[in-house]
Structure formats: structure tokens, C-alpha cells
Amino acid sequence: MITDSVENPQWSHHLPNDGSKIGGNVPTKYGVVSPLPSGSGALIYIEGPAYSDFEAYITRPVLPNTGSLALTFSLATDANAPKVAQAIETDTILTVNGWTYNLSAQINYEEDGMLQVADATGAWLDTGEKPGKLTPNVRYKYAIEYAFDEVAHTASVLSMNLDGVDFPVPASLHNAAAKQLGWADGAIFQVQLDLGASGGAYSVEVGDVNYVWQ
């Protein structure tokens, strides 16, 4: 087991109009403040019309592993999130030996906090598990478990754990096929903020980011 602890990382970002293929409309305001005055963590924020999206991300190296990977971090939303968010997306996009695995998971606020995972095409699938909308201004400890198979070129989001409560992903939604996209090897942690039908503004604080390669 190798832990890659990411303290005050350099964040990059994507917008819907920059060729990154994230969906939605372009927000009017967006950004990442890191580090915070507390000395660690990042504030990620968005403001804009209905269905605006903003994605902040960190790129980490692929470390020795057996095809088992975990991501841990903390996340707290502000008071606006339950009112205006469409979804809070927390993903890993993993490229190993030229094969890219989409390990995306989100809590869909427009479906009362449904946990969704992405299939091989990037479409969102309901897991049947509902963590619910996160309580504002509460720092949740996330732990997301993944598995990937370098022979079959498939990968799975196995579960999302919030403050010790486990939300398993059904086996029928495992083993999404990888793609060859020409990307450099790496593990990309993405936090995407999506606004719902009313538009508006909200933010999240993210910290204590760790990848655990097993």
C-alpha cells in the first residue's frame, strides 16, 4: 500500500467551451482559491445561469499497484448548495499504459442525493444508493474504492463511503470498458460543480486529498 498525500496541490480547471468535453453552460464566475487562509485545502466556487458547470482538477502519478485504488478527501458545501446545485461530482480519471478508465461518481441533488456512476460512454447511471444532499458547512470524509484490470481493460467504482457510511455500487454497474485516448499516464482527481435549473452560486471546500495504491 502506497499513500500519495496531496498537500496544497496545484489545481487546474476546465470549462464547457474549452474543448475538454465537459457538459453544460459556461458560468459567469468560477475559480479555485488554494491554499485557504487556514493553510490547507481549496475553495472551489461557481456562479452562473442554469446548468452551468465548472471542473477543478489535480493530476497525480500512477504508483505501483495491484489494480486496487482508493481516494480519500474531505468536502464541505456552503449553504447555497442544497438550493441551487444539480450535482456534486468527484471523479478519478485514470490512465495506465495508455488506457484511460473513467471512474466518475457524483451525488445528484436533482435526484434527492442519488449516487451515480459513469458508464464507458460517460452517461450517468443510478446506483439505487442515496447518500442524500450533504448538510451544509459540515466537513464530510469521503473514501471512494476503485478496481481496474489491466488485462481486461475494465474498471469499477466499488463504493463511496461518507463519514463511515458505505454506499456500495451494484456489481451490474462494474467493469466499464477503458479507452485509448492518447493521454499521458496519471490519476486525475476532478471536482465538478454543476448548477441546476435555477442557476445561482455555491462553493465547496476540499482538503486532505490522498490516493492509496494497493
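In what order do the seven strands of the open sheet stand? I read β2-β5-β15-β7-β8-β9-β10, with antiparallel pairing. β2 (12–14) and β10 (124–126) are at the edges with a single partner strand each, so one side of each has no neighbour in the sheet. The twist averages 25° from one strand to the next.

I noted the ground rules. This is a predicted model, where local features need pLDDT of at least 70, side-chain atom pairs count only at pLDDT 80 or more, and totals for chains, interfaces and linings use all residues. Residues are numbered from 1 along each chain as its sequence is written, and side-chain values use heavy atoms, without hydrogens and water. Strands are DSSP runs of E, at least two residues, numbered from the N terminus; two strands pair if DSSP finds at least two bridges between them.

I looked up β5 next. Three bridges join β2 to β5 (residues 53–60). S12 has Y57 as its bridge partner in β5.

I then checked E55, also in β5. E55 is buried (under 20% relative accessible area, 1.4 Å probe, protein chains only). I found a polar contact between the side chains of E55 and Q190, at 3.3 Å (N or O atoms within 3.5 Å, one able to donate a hydrogen and the other to accept it).

Last, I turned to β12 (residues 154–162). Eight of its nine residues are buried, so β12 is largely enclosed by the rest of the structure. Eight bridges join β11 (residues 140–149) to β12. Four bridges join β12 to β13 (residues 165–168). β12 also pairs with β14 (residues 176–177) over two bridges, antiparallel.

Key
Axes are lines fitted to C-alpha atoms, for helices over the stretch in contact, and angles run from 0 to 180 degrees between N-to-C directions. Buried means under 20% relative accessible area, exposed over 50%, partly exposed in between (1.4 Å probe, protein chains only). Lys and Arg count as positive and Asp and Glu as negative; His and the chain ends are not counted. A salt bridge is a side-chain nitrogen of Lys or Arg within 4 Å of a carboxyl oxygen of Asp or Glu.
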